[in-house]
Structure formats: structure tokens, C-alpha cells
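Subject: Handing over the structure

Hello,

Here is the structure we talked about. Please open it first, then read on for what was found.

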Amino acid sequence: MSLFDKFKPLAEARAGLVRAGAGPNAVPPVATPIEAVHSATEGTIGGRRVILAGTNNYLGLTMDPDVVESARDALSRHGTGTTGSRMANGSYSDHQALEQELAAAWGWPSAMVFSTGYQANLGAISALAGKDDFLLLDSDSHASIYDGAKLGNAQTVIFRHNDPANLDRRLARLGDDASRALIVVEGLYSMMGDQPPLEEFIEVKKRHGAWLLLDEAHSFGVFGEHGLGVAEDRGLVDEIDFVVGTFSKSLAGIGGFCVSRHRELELLRLAARPYIFTASPSPAVIAATRQALQKVIDGQALRERLWANIHQLYAALDNLGYRLGSDRPGPVAAIVLPDRQAALAHWYGLLEAGVYANLMIPPATPKGTNLLRISLSAAHSPEQIEHIVEAFGELRRAA
């Protein structure tokens with residue numbers, strides 16, 4: 001027996017995906033190597049130039065000249081890394097400036113920057129919900145939310161996905177202890193592309209005196225007048241206690257944040273292990289994020305282009321008869337397919353047509369669904385969206 005024996009089923013499953021596709025020399029449909037990136041929406045995969053439609057680059061800022069120049073300038077002035085944590089030797093004035101700018105965007109008193117979006121959830125959730133507290137998680141929560149629950153010591157309760165009545169019943173069982181309960185929901189669920197009934201969740205939260213953390217990782221930059229997310233779009237910002245987000249999607253970098261209307265968020269700097277015991281983001285990342293943040297806040301034109309692409313693709317897929325993961329259009333279009341073989345065939349078919357998408361299959365998906373996931377970008381041209389639609393049309397006709 002070896003320490004590695006337990007991984008054999010995973011290795012066999014991954015090899016099986018390639019065998020089921022197009023043979024041993026096929027491009028792998030998971031962890032697909034992108035050999036070159038030519039623009040925010042084009043790259044080379046398997047020696048072929050393709051449209052990148054699976055990168056979460058919602059506003060297309062990864063190649064924005066101002067963002068790139070900000071990173072280059074910080075690299076020249078401050079070097080490649082901080083070499084330490086914020087609590088030891090890695091807290092630069094630019095980290096603090098970014099936190100002040102994030103807090104100002106919401107009009108709230110406090111924000112914390114983490115090294116990744118994953119760590120932002122890990123740190124915020126594990127520190128906020130302690131030993132004598134309660135954590136109520138939507139069943140379709142991202143892995144980082146579940147892992148935050150594991151890292152903390154709170155009693156964790158799972159409620160049915162997007163079901164305020166189910167949450168209400170579970171909070172009612174806590175009685176007065178609900179005042180020490182943290183509810184966690186997402187602004188946009190990345191697998192199915194669906195959104196929460198946020199107004200109803202807030203009503204339930206207020207009725208029981210609980211707290212609400214909203215993960216806007218996939219909705220930040222896309223929804224709302226200033227791109228702050230679903231809460232801003234629905235006029236509910238001041239009803240939320242904590243917002244968690246990531247730099248790796250609309251902000252075009254890597255890192256994460258937690259922002260709050262409660263000044264006491266600052267206390268988490270003394271308790272959140274994923275904040276304390278990890279190196280802080282590099283100066284280049286922070287500089288690029290600060291530049292991108294301003295473009296998000298001022299980015300109404302970018303959002304208009306993105307939403308034009310969203311409506312074009314959703315309407316076309318609907319006309320082609322595809323089942324979508326959400327009837328509410330958004331930057332993620334999840335195409336639900338009947339089984340793994342159909343999903344694989346679509347993934348390889350799209351790549352053959354010059355379109356890179358995401359293959360999402362169990363156990364990564366909710367309810368055992370098999371999906372193709374398209375991430376739309378403001379940088380996609382109408383012609384590229386039309387090319388994606390034509391590729392789906394060919395696959396539909398061939399089925």
C-alpha cells in the first residue's frame with residue numbers, strides 16, 4: 001500500500017475523460033493547457049487559435065493597458081513579492097490603500113485584503129463563526145465556503161439551495177441563539193449561473209436577528225450601477241453585513257477581499273488564520289487591482305457591452321433548444337446536457353470549432369448534472385459571440 005493508492009480512482013477518472021474524448025493525444029478537458037494568450041478573448045489550445053469562453057474574465061481587464069502598466073510600474077518600484085504576511089513584514093502602504101478604496105466603494109468603514117478569494121472565504125467565515133456560534137450554508141455553496149466552515153468551530157447547518165422557507169425553519173429552531181448565526185449565500189452561483197432570492201433571505205435574516213455574508217465573487221463587476229454586485233443591483237447593500245469577493249474575475253488578478261458595514265471587521269486581522277499565516281499579495285497584483293477597481297466602478301460602458309453579449313448568447317441558446325442552468329441571464333451560461341458523454345462530445349466539438357468552454361461534471365456540479373459552462377466577457381466581440389452560437393448550432397444539428 002502507498003500513500004498515493006487512494007488517488008488512483010481520481011487518476012483513472014481523469015484518464016477516462018481523455019479516452020472518451022478523442023484518444024491519448026487529445027487535449028484534456030480538465031486543467032486544459034492554454035499554450036498562449038493573444039488577447040482577453042483569444043488564445044492557443046492544442047496548437048489551434050481559439051476563442052476563450054471559459055475564463056471568468058468578465059470585463060476583459062487582464063489585458064487592459066492601464067492595468068498592465070500599473071503592475072509593471074509596481075514591479076519596478078517594489079520588486080516581485082512581499083516575502084511575508086501582513087502581520088509580519090508584508091504589509092505595504094498600497095495594501096492599505098486598496099482596502100480603503102474597497103471600503104469607500106461600498107461606503108462602509110472596513111475592508112480586508114486576502115491573498116486569494118478562496119482565503120477570503122476561509123478567513124472570514126472561520127473567524128466570524130466561532131465555537132459557540134452557528135453557520136447556515138446554502139447547499140450549493142462554493143468549496144471555499146464549505147472549507148471555511150471546516151476550519152472554524154461553529155455548528156454548521158445546511159439549508160436547501162435558494163430556499164428562504166427552509167432557512168427560516170432552521171433558524172427558528174435556534175431560538176434566541178439565532179443572534180449568533182451567520183448565513184452565507186452567493187450573489188451568483190458559478191456552476192448553474194443562478195441567483196439567490198436575496199430580498200427573501202434578508203427578510204428571514206432580520207426576522208431572526210441573524211447575520212448575512214454575501215459572496216459576490218462572480219457577480220462583482222457585472223451587476224449594479226458601480227459593479228458592486230447583486231446587492232447593489234437590487235438596492236440592498238445596507239441590508240448585508242459582509243461581502244466577500246475575489247480579484248480573479250472582474251478585477252483581472254489574483255486575491256480576495258472582505259468588506260463590511262461593521263467596523264469590528266478589523267478584529268479579524270487578529271483571528272483569521274488564512275490572513276495571518278500567509279504571504280500578502282505582491283505589489284504588482286495590488287497595483288493592478290487598484291487600477292482595475294477604478295475601471296470597475298467607472299465601467300458602465302464595459303457592463304453595457306457585457307450585457308449585450310449575455311443577452312445575445314442566452315437568446316440564441318434558448319432558440320437552439322438548449323436547457324440553461326438559470327432562466328435569469330448572467331455572465332455564466334450553464335448548458336445542461338443529459339449525461340457525461342454528451343457533455344464531453346460538446347466540449348470536444350466546441351474546441352474543434354475554435355471555442356474553449358468549461359466542462360463541469362459530477363462531483364463538482366450540483367445534483368449530478370453534466371454541464372458546459374460559458375463565461376462571457378465585455379471583450380468578446382459580437383462576431384465572436386456569433387461564432388460561439390454557430391458552433392452550438394452545428395452541434396445541435398449533428399445530435
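Is Asp177 buried, partly exposed or exposed? Asp177 is partly exposed, because its relative accessible area is 31%. Here, buried means under 20% relative accessible area, exposed means over 50%, and partly exposed lies in between (1.4 Å probe, protein chains only).

Some ground rules. This is a predicted model, in which local features need pLDDT of at least 70 and side-chain atom pairs count only at pLDDT 80 or more, while totals for chains, interfaces and linings use all residues. Residues are numbered from 1 along each chain as its sequence is written, and side-chain values use heavy atoms, with hydrogens and water left out.

Salt bridges

Asp177 has a partner. Arg180 forms a salt bridge with Asp177, and their closest N and O atoms are 2.8 Å apart. The term means a side-chain nitrogen of Lys or Arg within 4 Å of a carboxyl oxygen of Asp or Glu. Arg180 is partly exposed, at 33% relative accessible area.

How many salt bridges does a search of the whole structure find? It finds 23. Another one pairs Asp241 with Arg261, with 3.0 Å between the closest N and O atoms. Asp241 sits in the loop between helix H8 (230-233) and strand E9 (242-246), and Arg261 in the loop between strand E10 (256-260) and helix H9 (273-276), so the pair ties together parts that are 20 residues apart in sequence. Helices (H or I, at least four residues) and strands (E, at least two) are DSSP runs, numbered from the N terminus. Asp241 is buried, at 2% relative accessibility. Arg261 is partly exposed, at 32%. Salt bridges with shared partners also join Arg86, Glu99, Glu266 and Arg269 into one network.

One more pair: the side chains of Arg49 and Glu42 meet in a salt bridge, at 3.3 Å from N to O. Glu42 is partly exposed, with 25% relative accessibility.

Helix H2

H2 covers residues 65-78, which makes 14 residues. From first C-alpha to last it reaches 20 Å, close to the 20 Å expected at 1.5 Å a residue. That expected span is 1.5 Å times one less than the number of residues. Which residues of H2 are buried? They are Val67, Ser70, Ala71 and Ala74. Seen down the axis of H2, these buried residues fall within an arc of 95°, so they line one face of the helix. The arc is that of the directions from the helix axis to the C-beta atoms. An α-helix has 3.6 residues a turn, so residues three or four places apart point the same way. The buried residues of H2 pack against helix H10 (283-297), with contact meaning heavy atoms within 4.5 Å. Pro65 and Ser76, on the other side of H2, are exposed.

Leu313 is found in helix H11 (residues 300-319). It is buried, with a relative accessible area of 0%. Neighbours within four places in sequence aside, Leu313 is in contact with Ala333, Ile374, Leu376, Ile385, Ile388 and Val389. Ile385, Ile388 and Val389 are among the buried residues of H13, which also include Gln384 and Phe392. H13 (residues 382-398) has 17 residues, and its end C-alpha atoms are 24 Å apart, in agreement with the 24 Å it should span at 1.5 Å a residue.

Backbone points to check

The peptide bond from Pro362 to Pro363 is cis, with omega near 10°. Pro363 lies in the loop between strand E14 (358-360) and strand E15 (370-375). Lys367 lies in the loop between E14 and E15. Its phi is near 55°, a positive value in a residue other than glycine. Lys367 is exposed, at 73% relative accessibility. Ala252 also has a positive phi, near 65°. Ala252 is in the loop between E9 and E10.

Best wishes
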